[in-house]
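I opened a new notebook page for this structure. My plan is to look things up and write down what I find.

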Amino acid sequence: MKVLVSDSLSSEGLDILKEHFTVDVSTGLSEDELVEKIKDFDALVIRSGTQVTQRVIEAADNLKIVGRAGVGVDNVDVDAATKKGIIVANAPEGNMISAAEHTIAMMMSMSRNIPQANASLKAREWNRKKFMGVEVKGKILGVIGLGRIGSEVAKRASGMEMTLLGYDPFISEKRAEELGVRLCTVNEIAEEADYITVHTPLIKETRNILDDEQFALMKEGVRIINCARGGIISEEALARALESGKVAGAAFDVFINEPPFDSPLMNFDNVILTPHLGASTEEAQVNVAVDIAHEVISVLQGGSARNAINIPSVKPEAMAVLAPYIRLAEIMGKIAGQLMDGSYEKVEIGYNGEISGKDTRPLTVSALKGLLEMALGAGVNYVNAPALAKSRKIAVVESKSESAEEYSSTISIRLIRGEDVKLVTGTVVGDEPKIVAVDGDRVDIFPAGRMIFAKHINRPNVIGPCCIVLGKNNINISGMQVGRVEVGGTTLMALNVDGDVPDDILDELRQVSGIIDAKLVVL
């Protein structure tokens with residue numbers, strides 16, 4: 001078998017591949033060159049440089065796996081690969097120690113003014129008083145995001161005798177206790193922490209998670225670190241807080257635009273900036289190369305990919321039946337995860353009717369992927385979703401029943417946190433996913449795009465005012481479903497809308513008399 005390596009890869013990874021396959025290293029290929037060359041290869045190994053477009057995928061007659069030596073797969077047309085049965089895999093764990101260590105290095109450099117002092121001394125200045133620093137021992141560190149990297153940062157900060165606060169909507173109290181972290185809200189961290197570091201994916205819920213509101217709550221002299229993704233912290237809001245003196249220093253490795261030459265953070269002497277070096281260690285580059293080499297070997301020898309981004313292999317005859325239910329399960333997971341307030345301790349997935357007699361394992365994985373992706377971002381895939389749930393102490397329980405009522409097959413997802421429960425039930429109609437109940441309220445929803453789920457009292461002059469709120473804000477309603485109950489009872493209204501619905505408009509909907517709650521769900 002033949003493997004094409006189209007970006008630079010460490011020799012350790014190449015040597016492993018060469019032990020098993022014929023390896024061709026050809027870097028810097030244009031799209032046309034790659035389209036011409038890819039025809040005869042069984043695997044393609046890339047980093048961030050190669051663009052694996054739909055044209056490349058369509059030309060790949062023998063390709064079985066695209067292996068990304070790193071995390072992000074923005075340069076791969078995953079949908080095109082999935083449709084052609086090509087596995088896309090990445091190496092998400094190889095650089096986590098490097099990223100965690102870089103975070104600690106940035107925190108210490110900022111605390112002791114090391115880059116500034118170094119530059120001053122090399123300019124033939126001897127100014128010790130100018131670079132007075134602070135100790136981190138006994139200080140409060142707020143860690144926003146306690147996944148792989150955030151947890152490693154917390155472990156290292158604990159060793160430096162820092163007090164740890166943490167925010168992560170998908171981590172249990174038990175896991176937080178293991179890390180020595182007290183769980184808080186983002187605003188509580190803003191109020192209490194001396195240092196704040198972010199380690200979340202960049203998704204709708206985390207974009208500008210530290211903005212003017214949070215900076216206004218912070219202590220005088222707080223210090224801010226971002227070695228995760230540009231955009232998690234508002235650079236403009238941080239610049240304003242630096243200008244006012246509220247923030248004593250900041251350390252950024254990632255930026256909204258890279259290179260960040262137009263960023264306002266470039267203008268402050270008390271801000272340390274590095275050019276996205278979190279994964280730039282010799283060890284990390286070796287780790288990701290070795291990890292992806294083993295993924296390629298496993299797939300080409302008939303095994304599975306541990307870190308597949310797209311759906312694992314399912315026999316074609318089984319996929320013909322399961323495919324629409326796989327899609328349904330993932331959509332239901334996304335809906336349930338967005339309707340539930342905060343974290344949950346348990347996920348119960350029920351299969352009823354004909355589907356209960358099938359291999360439902362891919363469906364459960366798809367449901368978990370949908371759930372966790374809403375909080376953890378695109379790094380969640382069909383292979384690591386169960387492990388991510390386990391690492392966050394989320395219990396996953398499956399049940400099956402051959403009995404069916406109105407529909408031949410249904411799937412239910414129940415999220416449980418103490419006494420709080422969120423239940424979503426769905427089916428497939430003509431290969432299209434359909435939501436048939438939410439928290440016991442019967443509905444008839446073909447989910448798509450953006451939807452507003454509003455719990456309300458069934459009485460006059462409730463639905464109309466909601467429509468007026470959206471209309472005056474130029475938000476078009478393209479579909480509506482309302483659950484049927486007796487007058488005066490509570491039920492659910494689902495609105496399909498054609499544009500984004502900002503938080504202030506959602507708040508306005510919640511103020512409508514008769515509305516109990518309203519949530520935006522984005523698919």
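My entries below go from the whole chain to single residues.

**Ground rules**

I am working with a predicted model: local features need pLDDT of at least 70, side-chain atom pairs count only at pLDDT 80 or more, and totals for chains, interfaces and linings use all residues. Residues are numbered from 1 along each chain as its sequence is written, and side-chain values use heavy atoms, with hydrogens and water left out.

**Entry 1: the whole chain**

I looked up the helices and strands of the protein chain. There are 17 helices and 22 strands. Both are DSSP runs, numbered from the N terminus: helices are H or I with at least four residues, strands are E with at least two.

Next came the radius of gyration, which is taken over C-alpha atoms. The protein chain has 25 Å, close to the 24 Å that the globule rule gives for 523 residues, so it is as compact as a globular protein of that length. The globule rule is 2.2 Å times the number of residues to the power 0.38. I also noted the span of the C-alpha trace along its principal axes, about 80 × 60 × 45 Å.

How much of the chain is buried? Buried residues make up 52% of the 523 residues. Buried means under 20% relative accessible area, exposed means over 50%, and partly exposed lies in between (1.4 Å probe, protein chains only).

The protein chain exposes about 24100 Å², and carbon and sulfur atoms supply 48% of it. These areas come from the Shrake-Rupley method with a 1.4 Å probe; for residues, only the protein chains shown count as cover.

Then I looked at contacts, meaning heavy atoms within 4.5 Å. Among contacts between residues at least 6 apart in sequence, 66% join residues at least 24 apart.

**Entry 2: an open sheet**

I traced an open sheet of five strands. The order is S2-S1-S3-S4-S5, with parallel pairing. Two strands pair if DSSP finds at least two bridges between them. Strand S2 (22-25) and strand S5 (87-89) are the edge strands, and each pairs on one side only. From one strand to the next, the twist averages 15°.

I picked out one pair. Strand S3 (residues 43-46) and strand S4 (residues 65-68) run parallel and are joined by four bridges. Ala43 has Ile65 in S4 as its bridge partner.

Which helices pack on the sheet? Helix H1 (residues 11-18) touches strand S1 (2-5), S2 and S3, and its direction makes about 145° with that of S2. Helix H12 (residues 282-300) touches S1, S3, S4 and S5, and its direction makes about 170° with that of S4. Axes are lines fitted to C-alpha atoms, for helices over the stretch in contact, and angles run from 0 to 180 degrees between N-to-C directions.

**Entry 3: strands S10 and S11**

I moved on to strand S10 (222-226). Five of the five residues of S10 are buried, so S10 is largely enclosed by the rest of the structure. Val222, Ile224 and Asn226 point one way, and Arg223 and Ile225 point the other way.

S10 has parallel pairings with S9, over four bridges, and with S11, over five bridges. Thr197 has Ile225 in S10 as its bridge partner. In S11, five of the six residues are buried, so S11 is largely enclosed by the rest of the structure.

**Entry 4: helix H17**

In helix H17 (residues 503-510), I found Ile505, Leu506 and Leu509 buried. Why do they sit on the same side of H17? They cover an arc of only 105° around the axis, which puts them on the same side. The arc is that of the directions from the helix axis to the C-beta atoms. The face turned away carries the exposed residues Asp503 and Asp504. The buried residues of H17 pack against strand S19 (450-457), helix H16 (463-472) and strand S22 (515-522).

**Entry 5: two loop residues**

I looked up Asn113 in the loop between helix H5 (96-112) and helix H6 (114-122). Asn113 is buried, with a relative accessible area of 17%. Leaving aside neighbours within four places in sequence, Asn113 is in contact with Phe131, Met132 and Gly133.

At 11% relative accessibility, Ile209 counts as buried. Not counting residues up to four places away in sequence, Ile209 touches Ile144, Tyr167, Val186, Gln214 and Ile232.
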